[in-house]
Each structure stands twice: as structure tokens, then as C-alpha cells.
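Open the model in your viewer and keep the sequence panel in view. This tour tells you what to select at each stop and what you will find there.

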Amino acid sequence: NTFLNLDQKNARKFIRSIFPKLYLWAFLISLIASLLIAFYKVSFGLTIFIVSLGFLFSRQFLVKWINRVSDIKSKSKKEKTQFERLHSLSVFIFIIQIITLILIYSFI
């Protein structure tokens, strides 16, 4: 939706601004939730803690790696593949996190 409604320059600025914030807030909220839910059921708290680490990993590493490859003007086939893999990894982690949180919520 971002790339459909904004030109490439502004879409890039928006994406690079929003995802680090999204991952930071998701990390903090899930970290707090893991501590609170651990009092109810330790395994749920541990699972949500692992989810929070996924948000932290995405923010601290994946976003930087994706941006570094994305900044390359004329990408080789190898660099295009690297971008696709990194982006796919970030999407995969995010989907697993959402599914995990939905499953835990359904058991509480």
C-alpha cells in the first residue's frame, strides 16, 4: 500500500522510519507481556519472551541488513537474491510471531 500511494523516495523514507519503531514497540510490549503472563503460565511467558527477541533481532539486525542491500543502486543477481531472502526472512519471522501470539491468546 505504501508503494502504491507514495512515490519511491517518500515510500522509502516512510518504511525506514516506521519499521524500527514498530519493532521497538512490539519488542517492549511483548517483553512486558512475557513477564506478566509468566505469573499465569511460565511456558506462555517464555514463548512470548522468544517472540520479543524476534522483534529485537528484526530491529537491530534485519532492518539494517535489508537497508544496506536496498541502498545498492545497480544490484547484481546475487544482491537481488540476498534482498529477497532477507525480506522473506523478516516477513516469515513476523508471521510466526503473529500466529504464536494469537495461539497463546486463544489459550488464555
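**Stop 1: a charged pair**

Select Arg16 and Asp71: their side chains form a salt bridge, 2.4 Å from N to O. A salt bridge here is a side-chain nitrogen of Lys or Arg within 4 Å of a carboxyl oxygen of Asp or Glu. Side chains of opposite charge can pair when their charged atoms come close. The pair links distant parts of the chain: Arg16 sits in helix α2, Asp71 in the loop between α3 and α4, and 55 residues separate them. Helices (H or I, at least four residues) are DSSP runs, numbered from the N terminus.

How many salt bridges does a search of the whole structure find? It finds 1.

Before moving on, know what you are looking at. This is a predicted model, in which local features need pLDDT of at least 70 and side-chain atom pairs count only at pLDDT 80 or more, while totals for chains, interfaces and linings use all residues. Residues are numbered from 1 along each chain as its sequence is written, and side-chain values use heavy atoms, with hydrogens and water left out.

Now check how covered the two partners are. Buried means under 20% relative accessible area, exposed means over 50%, and partly exposed lies in between (1.4 Å probe, protein chains only). Arg16 has 27% relative accessibility, so it counts as partly exposed. Asp71 is partly exposed too, at 40%.

**Stop 2: Ser70**

Is Ser70 buried or exposed? Ser70 is buried, because its relative accessible area is 17%.

**Stop 3: the largest pocket**

Select Phe3, Ile15, Ile66, Phe83 and His87. Of the 23 residues that line the largest pocket, these lie nearest its centre. A pocket is found on a 1 Å grid over the protein atoms alone: it is an open set of points where a 1.4 Å probe fits, with protein on both sides within 12 Å along at least five of seven lines, and lining residues have an atom within 4 Å of a point.

The space in the largest pocket is about 630 Å³. That volume is the space filled by probe spheres set on the grid points, which are joined across faces, edges and corners.

Colour the helices next. Those giving two or more residues to the lining of the largest pocket are α1 (2–5), α2 (8–38), α3 (42–70) and α4 (77–107). Which helix gives the most? It is α2, with 8 residues.

The lining of the largest pocket has 12 nonpolar, 8 polar and 3 charged residues. Ala, Val, Leu, Ile, Met, Phe, Trp, Tyr, Cys and Pro count as nonpolar, Asp, Glu, Lys and Arg as charged, and the others, Gly among them, as polar.

**Stop 4: the second largest pocket**

Select Ala26, Ile29, Ser30, Ala33, Ile37, Ile48, Phe55, Leu101, Ile104, Tyr105 and Ile108, which line the second largest pocket. About 190 Å³ of space lies there. Helices α2, α3 and α4 each supply at least two of its lining residues. The largest share, 5 residues, comes from α2. The lining of this pocket divides into 10 nonpolar residues, 1 polar and no charged.

Zoom in on Ile29, in helix α2. Ile29 counts as exposed because its relative accessibility is 55%. Ser52 is 23 residues from Ile29 in sequence, and 8.1 Å away in space, C-alpha to C-alpha.

**Stop 5: a nonpolar patch**

Switch to the surface view. Select Leu6, Phe14, Ile18, Phe19, Leu22, Phe94, Ile98 and Ile102: they make a nonpolar surface patch of about 630 Å². Patch residues have over 30% relative accessible area and no salt bridge, and nonpolar side chains (Val, Leu, Ile, Met, Phe, Trp, Tyr) are joined within 5 Å. Accessible areas come from the Shrake-Rupley method with a 1.4 Å probe.

Helices α2 and α4 each supply at least two residues of the nonpolar patch, and the largest share, 4 residues, comes from α2.

Finish on Ile98, in helix α4. Ile98 is partly exposed, at 36% relative accessibility. Val51 is 47 residues from Ile98 in sequence, yet their C-alpha atoms are 8.9 Å apart.

Terms used. Patches are made of residues with over 30% relative accessible area and no salt bridge: like charges are joined within 9 Å, nonpolar side chains (Val, Leu, Ile, Met, Phe, Trp, Tyr) within 5 Å.
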